[in-house]
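Student: Can we go through this model together? I would like to start with a hairpin and then look at some rings.

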Amino acid sequence: MIRCLIVDDEPLALHILEDYISKIPFLQLIKATTNPIEALTLVQEKGIDLVFLDVQMPELTGIQFLRIANGKAKVILTTAYPQYALEGYDLDVIDYLLKPIAFERFFKSVQKAQAVLQPAAAPLQPEAPQQPKQDFLSDFIFVKTEHKIQKVYLNDILFIEGLKDYISIFTPVERIITLQNMKKMEDALPAKNFTRVHKSYIVSINKIDSIERSRIFIGEKVIPVGDTYREEFFKIIDGKNI
């Protein structure tokens, strides 16, 4: 069992995570608390394996908590504020969950934690499909994230979201955050597969499930089509209509 602790100053957020944890057989909830000082004591004394940690708390922020805990337990950050993502990754968090947190996304995150904390028990991940040799250099990109450079297969990308000085690359299994700007990313992607639809969004054309007026649906994500990009986007779509 992975021994868990929830730290959040919002009681509703505590209840949601308590419910999610109760559904995962390899997680054991030791404590859910709104008091980060109490939580630090538990991390120091009780052998906590994994902390679900809010970032914005009045007495002690999640980032301060991470620095004081100094690696005593693995951490998954939970917050409504994406601007803390890169700082959290610099402090070696396992994952970064943006509120409101869907159970599917929560489950993927705890699978990452299981792979770190219980590598023998973690389910094997499917191998990436073999790429045709002639397309080898055009089938993936490398992005800098955390303290590493990560390979991202283009076929895995659902959409890309820009947020100030960094972007998020969304795949079916993870969200990859990298310091980058949208223009440079747009230029790096093949135009036959990806198109800019908004100042903050690039979408994979073949991952679009449906379009309703000026809204694109990719899974549960709804992406707006900006006025600047509408005409060019619908030209691409019209070219694929039958």
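**Hairpins and rings**

Tutor: R213 takes a positive phi near 55° in the hairpin of β13 and β14, which has 2 residues between the strands. Strands here are DSSP runs of E with at least two residues, and helices are runs of H or I with at least four, numbered from the N terminus. This is a predicted model, where local features need pLDDT of at least 70 and side-chain atom pairs count only at pLDDT 80 or more, while totals for chains, interfaces and linings use all residues. Residues are numbered from 1 along each chain as its sequence is written, and side-chain values use heavy atoms, with hydrogens and water left out.

Student: How many bridges join β13 to β14?

Tutor: There are 3, between β13 (residues 210-212) and β14 (residues 215-218), and the strands run antiparallel. Two strands pair if DSSP finds at least two bridges between them. E212 stands opposite R215 in β14.

Student: And what about β14 and β15?

Tutor: They pair in the antiparallel sense over 4 bridges, with β15 covering residues 221-224. I216 has I223 in β15 as its bridge partner. This hairpin has 2 residues between its strands, and G219 in the turn has a positive phi of about 60°.

Student: What is the strand order in the sheet?

Tutor: The order is β13-β14-β15, in an open sheet of 3 strands with antiparallel pairing. The edge strands, β13 and β15, each pair on one side only.

Student: New topic. How many aromatic pairs are there in the whole structure?

Tutor: A search finds 10. Rings of Phe, Tyr and Trp (its six-membered ring) pair if their centres lie within 6.5 Å; planes under 30 degrees apart are stacked, over 60 edge-to-face, and the rest tilted. F103 and F107 count as stacked because their ring centres are 6.3 Å apart and their planes are at 25°.

Student: Where do F103 and F107 lie?

Tutor: Both are in helix α5 (residues 103-117), 4 residues apart, about one turn of the helix. F103 is partly exposed at 31% relative accessible area, and F107 is partly exposed at 30%. Buried means under 20%, exposed over 50%, and partly exposed in between (1.4 Å probe, protein chains only).

Student: What about F159 and F170?

Tutor: They form a stacked pair, 4.5 Å centre to centre with 15° between the planes. F159 is in β8 (residues 159-163) and F170 in β9 (residues 166-170), 11 residues apart.

Student: Is F159 buried or exposed?

Tutor: F159 counts as buried, at 5% relative accessibility. F170 is buried as well, at 18%.
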